[in-house]
Amino acid sequence: MVFWIFGYGSLVWNPGFEYDEKLIGYIKDYRRVFDLACIDHRGTPEKPARTCTLDASKGAICWGAAYCVRGAPEKEKEAMEYLERRECEYDSKTLVDFFTEEDSLHPALTGVIVFTSTPDKVNNKYYLGPAPLEEMARQIATASGPCGNNQEYIFKMEKALHDISHEDDYIIELANEVRKVLGITESVPKEKKLLSPSQIPLKSHISPVKILPLSEAIAAVAADS
């Protein structure tokens with residue numbers, strides 16, 4: 001028995017279940033949005049947090065991590081039961097193709113499970129829908145629940161995508177708006193870019209430096225003055 005699950009939110013940095021293999025990659029025609037309520041982890045029924053869900057968007061890609069669970073049926077069942085408890089705000093499971101950086105035309109995996117939510121406020125009580133950036137930022141900056149506060153979630157999401165080298169402009173913009181509400185300026189640290197071997201001058205390309213005797217050096221300085 002085997003199944004693959006795609007994580008695009010907290011599963012990227014904190015899967016929380018036993019898995020056998022992990023791949024970094026993306027799914028197509030979906031984008032990450034903060035349109036779903038969380039009332040039992042980083043929010044409460046009275047003051048819900050905002051958490052990630054997927055919005056169908058032609059041509060978009062969403063980077064994340066795919067996890068494989070293989071082995072006995074009991075192991076698969078245990079992992080799925082854990083995920084269903086954890087992802088209880090999501091009312092659907094969708095099967096998607098999963099791509100890696102090496103090949104954008106042919107999926108590395110098919111039939112990968114991803115938790116999604118119906119974008120319908122009437123039939124899905126957890127769906128909040130989109131809101132102005134400033135309004136979402138204020139909600140994220142102030143919500144908290146048994147598992148921590150909502151601001152920590154957005155900042156960890158931002159860092160996790162930075163760590164896999166596939167940042168999300170939407171997440172960065174929202175995280176920066178939350179920082180503005182909180183009055184902080186610190187953001188995800190950027191690593192210094194190292195020179196590639198082709199950018200480092202070879203010793204043979206460096207012109208030799210002529211060392212003058214002291215008397216000649218003084219005379220040369222005087223001549224330039």
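**Salt bridges in a predicted model**

Me: What do the side chains of E158 and R179 form?
Reply: They meet in a salt bridge, 2.5 Å from N to O. A salt bridge here is a side-chain nitrogen of Lys or Arg within 4 Å of a carboxyl oxygen of Asp or Glu. E158 is in helix α3 (residues 150–163) and R179 in helix α4 (residues 169–182), so the pair ties together parts 21 residues apart in sequence. Helices (H or I, at least four residues) and strands (E, at least two) are DSSP runs, numbered from the N terminus.

Me: Are E158 and R179 buried or exposed?
Reply: Both are buried. Buried means under 20% relative accessible area, exposed over 50%, and partly exposed in between (1.4 Å probe, protein chains only).

Me: What are the ground rules for the model?
Reply: It is predicted: local features need pLDDT of at least 70, side-chain atom pairs count only at pLDDT 80 or more, and totals for chains, interfaces and linings use all residues. Residues are numbered from 1 along each chain as its sequence is written, and side-chain values use heavy atoms, leaving out hydrogens and water.

Me: How many salt bridges are there?
Reply: The count is 14.

Me: Which residue does D20 pair with?
Reply: K75, with the closest N and O atoms 2.8 Å apart. D20 lies in the loop between β1 (2–7) and β2 (21–38) and K75 in helix α1 (residues 73–86), so this pair joins parts 55 residues apart in sequence.

Me: Which residues are in the network with K75?
Reply: E18 and D20 are linked with K75 in a network of salt bridges.
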